Each structure stands twice: as structure tokens, then as C-alpha cells.
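Start with the sequence and the fold.

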Amino acid sequence: MYYINKIVGFLVSPIGGAIAGGVIAAVCARLGRKRMAKWIGGLTVAWLWLWMTPIMTWVVGVPLEREFLICGRVPVVESFPEADAIVVLGGSMGSDTNVSGYAEMWTSADRVWQAARLWKAGKAPKIIATGDGARESTLGLLKDFGVAERCVEFLDARNTEEEAKGVGKIWNHEIHKIHENEDGVTGEGETVKPKVLLVTSAWHMKRARMMFAKYAKGVEVVCAPADFEMSMAAKKGWSVLPDAYSLHLNSVAFHEWVGIVGYGVMR
């Protein structure tokens, strides 16, 4: 299922759609359907042009992040409540010891910095770093930011669904402990739940929250987003001139909306 999702995600992405359109146009031209080939080719160019413009970031990217801003600004770490752990989702760091002895920060590396800020502000006693090879890629940067190694745990996962399931399994044990020791009830019958600060890129938070609501039901999740790339890039204005960075951002946003809509349909 993991690889099927990757393949389908590429095929319906702006770049995948452009490649498919180009191939269909070439086949039509080869078969002598030149008029159809011109139409499909023209639509393919227009499609790719549209997804390469900053104006599309306003349309598909900014709405992903808007609800996580406070009065149009990124919330400060002091505004978040205290929790049992900080969960930082993977995808922002990489490592390859065959190439370099150091981890590599990707465009969404603000996630790691946000987790460190929250820990240093005393918002939680530990950080759970997720992702494929999280120890090799994330621990070094957290230590550079001043986080104690003993306060970092790791969860190997390939995507958001696996991350949510993994966190759910970790905290199910904690819930059972609470039930055994305190009957799992406080006040007027309210079930005690562990609380985590969920750290990921703001544009990814909507889908991440949906995954955690399904696969980590025993955990109270507080969104603590970082990396407001879409909102920052949209400050460029409503340009219709294409550029590669806008194509990257808009492809990411398109992928998120496909995941959100697809998950909603499946649910």
C-alpha cells in the first residue's frame, strides 16, 4: 500500500499530469491525430504553467496553513500548553553516511528547531522524533540546539500514517498504566489521556491531525506547527510568471489536498 500510494500520488501530481499529457500528445501525433495532439499539448503547457506560478500558492497552499496562524502571525512557543511529549514528524532531515558524516537539513527542517524550542521552553520532558532513520538524521541537530540526548526517543516510520500508528501504540501502554494505577478517571468521569505537542510543517498539519485522530485515539493532540512555507512564499504577490520554487510548493500543496480529500472519501 505504501508504494501504491507513492505511485498514485505522483501520477495525479502537477508534474505527473504534465508528463502524462506530453506522452498522450506525442502518441496522438504519432497516430496522425495532429489536431488532438496540439490541443492536448497546449493544455499540458497551460497546466504546468499554472502550477508554476505564485498565484497558485495563494489558492492551494495558504489555506492549508491559515487556521494555524494567530492574527496572521506564527504562534510563539510560550502560547502552547505543557504536555507529556513533543512528537516531531519526519521528512525534514536526511542522512547518508556513505556520502557525509553529517545530517542534511531539508526545506522543512524548521520542524526540528520547533521541537527544540518547545523542549527548551519546558513544554514537555521528552521529544519523540519519527521518520525513516530518525536517530541518524535528527539527533545531531537536536543536540546542537541544546536538547539532552537522554530526552530524545525515536520511532521509525515511512509516512504519516505509520507515525500516527506508532505513537498510538506507545501511548496505549501509558493509558493502561494510568487505568491500573488511578482507574483512568479524574473529576466527573473524564478519562485521563496523555497529551502530545504535534510538530510538523504547517502545510502538513491538517492531514497529520486527521491521521492522529484515527490511529492515535488515546492521545490528546495539540498542534504546534512550524515551517509556514506557503504563507511566507505568498508574500511575493500574485505573480503569474512561472518559477521552479512555486512548482515545488504547489506540488506539495496539491499532494496534501489529494491526501485530505482521499482520506475523507475513504473514511
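Against which elements do the buried residues of α5 pack? They pack against β1, β2 (93-94), β4, α6 (134-144), β8 and α8, with contact meaning heavy atoms within 4.5 Å. The buried residues themselves are Arg111, Val112, Gln114, Ala115, Ala116, Leu118 and Trp119. Buried means under 20% relative accessible area, exposed over 50%, and partly exposed in between, with a 1.4 Å probe and protein chains only.

The model is predicted: local features need pLDDT of at least 70, side-chain atom pairs count only at pLDDT 80 or more, and totals for chains, interfaces and linings use all residues. Residues are numbered from 1 along each chain as its sequence is written, and side-chain values use heavy atoms, leaving out hydrogens and water.

**The sheet**

Five strands make an open sheet, ordered β5-β4-β1-β8-β9, with parallel pairing. Strands pair if DSSP finds at least two bridges between them. Strands (E, at least two residues) and helices (H or I, at least four) are DSSP runs, numbered from the N terminus. β5 (152-155) and β9 (220-223) are the edges; each has a single partner strand, so one side of each lacks a neighbour in the sheet. From one strand to the next, the twist averages 30°.

β8 has four of its five residues buried, so the rest of the structure largely encloses it. Four bridges link β8 to β1, and four link β8 to β9. Bridge partners include these:

| Residue | Bridge partner | Partner strand |
|---|---|---|
| Ala85 | Val196 | β8 |
| Val196 | Val221 | β9 |

Ile86 stands opposite Leu197 in β8.

**Helix α5**

Helix α5 (residues 110-120) lies across β1, β4 (127-130) and β8, at about 175° to β1. Axes are lines fitted to C-alpha atoms, for helices over the stretch in contact, and angles run from 0 to 180 degrees between N-to-C directions. Gly122 follows α5 and has a positive phi, near 75°.

**Helices α4 and α8**

α4 (residues 54-65) packs on α8 (residues 202-215) at about 65°, the axes 6 Å apart. That makes the pair roughly perpendicular, a class that spans 65 to 115 degrees. Their crossing is left-handed: the near helix is turned anticlockwise from the far one by less than a right angle. Pro63, Leu64 and Glu65 of α4 meet Ala202, Trp203 and Lys206 of α8. By class, this contact has four nonpolar, no polar and two charged residues.

Notes:
Angles under 35 degrees count as roughly parallel, over 145 as roughly antiparallel, 65 to 115 as roughly perpendicular and the rest as oblique. Ala, Val, Leu, Ile, Met, Phe, Trp, Tyr, Cys and Pro count as nonpolar, Asp, Glu, Lys and Arg as charged, and the others, Gly among them, as polar.
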